[in-house]
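Work through the exercises below with the model open. Try each task before you read its solution.

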Amino acid sequence: MTVDSEGIKTYWVGWICSLPEEMKAARALLDEVHQDQAKRPGCSNSFIIGSIGNHNVAITCLPKHTFHDDIIEATVECMTSAFPSVYCILLVGVGSGIPSKVRLGDVVIGSPTFDHQAAIQWELRNTKEGNSFHHIRSPADPSHRLLAALSKFEALRALNGSKIPSYIERMAARYPDLEARYSKSDGLVDILFRSTCAHIDDTAAVVEARRNGYEEEACNLCDKTKAIERKPMETEIHYGTIAYGNQEIKDGTLRDQLKRELGDDIGILCLDWGNTPNLKVPHLVFRGICDYADSHNSQEWRKYAAAVAAACAKEYLSIAMPARISDTHYL
Ligand SMILES: [Zn+2]
């Protein structure tokens, strides 16, 4: 299907990724891909357009290696000028999980709980007494209608089971090149090390392995006796708070300190980098868990986590989101 400047008015869902791997997964999970022939003076972002169920979707990715405070806001502004009918935004990608409830390959959807908001912004302050984490603000929660659709999504998944495995299976059948890294394989091992057990760098072995054309096992030298024993579990969807900060956490003890000082009672599920999105358009955040915010931060899970997050967002659109039926039908 070819879409011109008039046709773009039928795109009402915006989908924003941070990384090219996330955009690749999103593109591969579209039911149909459309040919974009529209001209957009004044909008510098590139888009992939297509459909998921009854929804026409415009996908874009943040500019590569461009990180500034307002990058998501600027991207949304560009998207809504290019696609004037966009009435909800899904932010879909990977994030760091906070153990022990959340595991690699799970998905966290930023949503309020009885006591806490969907997102919080933290800041790390350095003083003579040491480092300390502070909760500095919380943006508004997702709109009533997006959360109502989330309740429907949760109910239907509980009743009918998850569609995520079948979406990923179909994606792999359609794009065999993606199967090895974007599907779950035996090579993906979920190891949670005790927070005091730091990663032992094996750079020389990794370089040598890549020179010989194969991937060296991550954490090859790390002490597996310091791993926390857990039963294998199926992919789970978690609903709760995502914490945003302006620095990456790659240290198990610092991660535990953050969790403790921002309040264990908040039950932060996921860490994301940057500022909490402050968007004029209603939005919902989906994060596939690719690491535990510790020093054992390999990239092994990143592509699968991107695929799971995209499949989860697709399931949300497919089974729970009402279609836009008129110009007055806003979320
Ligand atoms: Zn390690």
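**Exercise 1.** Find which elements have the lowest and the highest mean pLDDT.

Solution. This is a predicted model: local features need pLDDT of at least 70, side-chain atom pairs count only at pLDDT 80 or more, and totals for chains, interfaces and linings use all residues. Numbering starts from 1 along each chain as its sequence is written.
- Helix α6 (residues 203-211) has the lowest mean pLDDT, 66. Strand β7 (residues 107-110) has the highest, 98. Here pLDDT is the predictor's confidence in each residue, from 0 to 100.
- Over residues 327-331 the pLDDT is below 50.
- Where pLDDT is low, the predicted coordinates should not be read in detail.

**Exercise 2.** Determine where the buried residues of α3 lie, seen down its axis.

Solution.
- Take helix α3, residues 144-160. Helices are DSSP runs (H or I, at least four residues) and strands are E runs of at least two, numbered from the N terminus.
- Pick out L146, A149 and F153, its buried residues. Buried means 20 or more other C-beta atoms within 10 Å of a residue's own; exposed means 12 or fewer; partly exposed lies in between, with C-beta atoms placed from the backbone.
- These buried residues fall within an arc of 60°, so they line one face of α3.
- Turned away from that side are the exposed H144, S151, A155, A158 and L159.

**Exercise 3.** State how β12 runs relative to β11.

Solution.
- Four bridges join β11 (residues 242-245) to β12, and the two run parallel. Strands pair if DSSP finds at least two bridges between them.
- Y244 has D272 as its bridge partner in β12.

Notes. Two residues are in contact if their C-beta atoms, placed from the backbone, lie within 7 Å. The expected span of a helix is 1.5 Å times one less than its number of residues. The arc is that of the directions from the helix axis to the C-beta atoms.
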